[in-house]
There are 2 protein chains.
Amino acid sequence: MKIALVQLNPIVGDLKGNASKIIEFIEKAKALSCDLVVFPELSLMGYPPQGLLKLKDFVRDSQAALQQITGHTDGIGVLLGTALRDDENGLYNAALLIENRRVIGYTAKRKLRVLGSFDEACCFEPFCGTNSLVFRGHRLAVAVGDDVCSDVQCGDVDFIINISAAPYRYGQFKRHNDILARTAKKIGVPLVYVNQVGGNDDLVFAGTSRVFNEQGQCVVQAQPFVEELAVFDSNDVGCSLPCPDEDISWMYKALVLGVRDYFSKNGFKKAVLGLSGGVDSALVACIMADALGEENVLGVYMPSRYSSDHSKQDAQALAENLGIKYRVIPIEDIFKEYLKVFNGLPSPVGDVAEENVQARIRGNLLMFISNREGRVLVSTSNRSEASVGYTTIYGDMCGGLAPIADIPKTVVYDICGYINRDGEVIPHNTLIKPPSAELRPDQKDEDSLPPYDVLDAVLSMYIDDGLSVDEIVDRGYDRSLVCKILNMVQRSEYKRRQAPLAIRVFSPMEKIVRNPVVHGYRWE
Amino acid sequence: MKIALVQLNPIVGDLKGNASKIIEFIEKAKALSCDLVVFPELSLMGYPPQGLLKLKDFVRDSQAALQQITGHTDGIGVLLGTALRDDENGLYNAALLIENRRVIGYTAKRKLRVLGSFDEACCFEPFCGTNSLVFRGHRLAVAVGDDVCSDVQCGDVDFIINISAAPYRYGQFKRHNDILARTAKKIGVPLVYVNQVGGNDDLVFAGTSRVFNEQGQCVVQAQPFVEELAVFDSNDVGCSLPCPDEDISWMYKALVLGVRDYFSKNGFKKAVLGLSGGVDSALVACIMADALGEENVLGVYMPSRYSSDHSKQDAQALAENLGIKYRVIPIEDIFKEYLKVFNGLPSPVGDVAEENVQARIRGNLLMFISNREGRVLVSTSNRSEASVGYTTIYGDMCGGLAPIADIPKTVVYDICGYINRDGEVIPHNTLIKPPSAELRPDQKDEDSLPPYDVLDAVLSMYIDDGLSVDEIVDRGYDRSLVCKILNMVQRSEYKRRQAPLAIRVFSPMEKIVRNPVVHGYRWE
């Protein structure tokens, strides 16, 4: 059997556009004489559809789009992920097998998933029927999402097909690859894995669709982070492919894809961001230039009386290295007007209100440019500062998207190292100077925060590994410092609630459950 | 049997504080010679605990707090809502029956609930055991939350006890009251309903704990919106009480309680808000004065060149009527500095960037006051404008809390009418003038939006009733207008993602599923 794996990049909710694309790929698979073409989980609506599935109009329109696709299935089998309304049991996250304009079988997801803010159980019913479908005499075990790990049994099956929309998380590729390989080997039949690709809101999907033979060897491997059609011919299996190395370039590519799709799927072309001369804005500028083209990115340097000379030089050098547009707007005159209002004279008294208003003036300037020039503002927050609230709400937190708000500061440096692998793109000085918000004289991040390597280590044990304070202390950290950090995380929830979308490629989504904004729990 | 109903107002996460309060009420119930004292669902952690339940430290500390409570149960039965770790099955949303320092029985919630962003299934396992407990020879059917509607059967039971943390939603009291009354009558035994009271984040709990006799008549009724202990003596049942009328005063009280608890549970005392002379800021100012005391509220009027004379008069009259602090800060000089940066001269060209920056200057001024004076900024957005995105992000959307962001504009007027029931608190002119943002000459909301009665009617059919466009059109609305409104709602999701906490007393929480920020679905 010849099977086309289509790792589709759908636009969530764009039923017409997604249907057109699906039809194009079906025609392509026909031209390649495929017997069957397989699309990812919920391809027709794009993953995650979230509240759209609650809209009667949307579910009705999805039926019409499905009809259109069905009309293109003469002589080919199509295994399509879509929502399926069963009048008795509700909505399923289904895999429909369609051939010659007829749905000849279906199955659906059994173990529904909670993914950040999207709880599949809000919209779908868990499926209790069979996952066995028969196509042209071949017995297919079809699993949606993680059902492949639990619900496929040895026995009367010729192929396992796993359609998925699994968000990319850095460092998890090999583990997941091994699970699929083991499953293929255990059941002793080829396993076809087809995953969504592209960015949708805060999620990025890597694709990496692939086929394992009955020995668990990978024999087909689609490119990561690219929409494509790959072909598996069970009568002409090629040689075993090596498992690709997931290095830091994958994380960078995921961020670029997430940004690019946020813009293109929204119909936006141009971006603006503040450049401070620091490492966060430098990395975001690189991502933006890669995602949108340097001609579409504007970096704005907004010095105050507290800005150092090197900041301007570093910001300008970065803009030149990248070839992005660059503008300088001093905030001093506006800052003085605020000081006059509150201090009488245009001179500072040196409190946190004055620090924050500088960041907020910058936010206003950038939003003015955004509104006037039709550029989307991107925020340059990183995970370390967002976690502990070391950031100005309505200031540097402004933006439609926060490309690196899920990346710890120490990892920001690692990615910058990757960007500079063949020569200086990010100025060397940006990478070696101590981080500073430059909102008061001689300010350094480490005046307010622990060193970033310590902060990130503690945050990772808490956020990523779910350790208790005792367990973190057992790993060699000071109890009072750990409690201080965890209390900062809990107390700054109110800021994160108003934060822009972050592209999530680092933190484990399944561990993210919202904390209350107002609560009385404190570590001691 | 003499039963104390404690409608507790816990602070979410404050295990020590909640335990102390619970112990105080136990002692009070002992002093009243009660046999049994009943606390609401998850009393010990406060509802909704959200992600706190994922913290190992928190679950461990809750065990210690429970031990402390157990020590105070000599001679009295305590039915306590708390999370219970069962090493085999995970965490339950449980009701523990404790007497003489021993847990003598427990049951737990079967049907877990999704409540806005808190999915109980994230943290709890559904309970499959019995809900029958025996206390001093009496057979109790104990139901947590909505389990009372489905899981209590006729038969061997003497009392039904329903512990709950049901968020208040305006207009639902009678329906819920009737369900409980019918249940009591159907099973033919007294039903004791104990509900949480107070505000936690975006939710308000009304209390309204009560007891129905075996004929379904209400015989004990706790005050709504007040923490209190009520007593039911099954051997001395009083006469049947009339069902209280849920009028608009309940909605107002819920908003005031939500604000008061947000502040007090956070340890905040003072608030600041922008006064525009319009109806939204007038209502919020009234709520704040009621919640915090007029001496703790500062209203700031921030005129621009587009502000009308009546705005200033109306803002000032309101502040005087309420007795709150009042300040005037013109934004003109700061606005001119922005115009100089972007237009060269300090004169406007009249685009949306200039409109928005005025709102954002006001946001910055208010946040400056917030930071310098330790006042929490409250936003004055209403549901109508938040739904369609007729609001400036980082401008009038700034704030830690948005007291009326769940209240439609037409209902805002209704509540204002209630506030003025005994005389003018909100200036008459504020209530009769056409709404305007005053960000350009002669601007009116209706230049950009449909009349509010039409807008609110369509939004209500869509948000509250979940109707399709066809169904809304069938009720007499123009299709292109309905599509325009629904598309505005979908397109402004990005703003709502960055909005402050709204106090939710109007929209049905169970219908709120997040929409994607980036998606391609459009109504046509």
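This is a predicted model: local features need pLDDT of at least 70, side-chain atom pairs count only at pLDDT 80 or more; totals for chains, interfaces and linings use all residues.

Me: OK, what does the secondary structure of chain A come to?

Reply: Chain A has 17 helices and 22 strands. Its radius of gyration, taken over C-alpha atoms, is 25 Å, close to the 24 Å that the globule rule (2.2 Å times the number of residues to the power 0.38) gives for 524 residues, so chain A is as compact as a globular protein of that length.

Me: And how are the domains of chain A assigned?

Reply: Domain 1 is 2–246, and domain 2 is 251–441 + 490–511. Those bounds come from an automatic or database domain assignment. The centres of the two domains, taken over C-alpha atoms, are 38 Å apart.

Me: How many residues of domain 1 of chain A are in contact with domain 2?

Reply: 17 residues of domain 1 are in contact with 18 residues of domain 2, where a contact means C-beta atoms, placed from the backbone, within 7 Å. On the domain 1 side, strands E6 (114–115), E12 (197–200) and E13 (203–206) of chain A each supply at least two residues.

Me: Switching to chain B, how many residues of chain A are in contact with it?

Reply: 62 residues of chain A, and they meet 62 residues of chain B. Several helices of chain A each supply at least two residues to that side, including H2 (56–70) and H5 (248–266). The largest share, twelve residues, comes from H9(A).

Me: What about the residue types on that side of chain A?

Reply: They divide into 31 nonpolar, 17 polar and 14 charged. Here Ala, Val, Leu, Ile, Met, Phe, Trp, Tyr, Cys and Pro count as nonpolar, Asp, Glu, Lys and Arg as charged, and the others, Gly among them, as polar.

Me: Last one: how many residues of H5(B) are buried?

Reply: 13 of the 14, so H5(B) is largely enclosed by the rest of the structure. Buried means 20 or more other C-beta atoms, placed from the backbone, within 10 Å of the residue's own. Just after H5(B), Gly293(B) takes a positive phi of about 90°.

Terms used: Residues are numbered from 1 along each chain as its sequence is written. Chains are lettered from A and ligands numbered from 1 in the order in which they are written. Two residues are in contact if their C-beta atoms, placed from the backbone, lie within 7 Å. Helices (H or I, at least four residues) and strands (E, at least two) are DSSP runs, numbered from the N terminus. A residue is buried if 20 or more other C-beta atoms lie within 10 Å of its own, exposed if 12 or fewer, and partly exposed in between; C-beta atoms are placed from the backbone.
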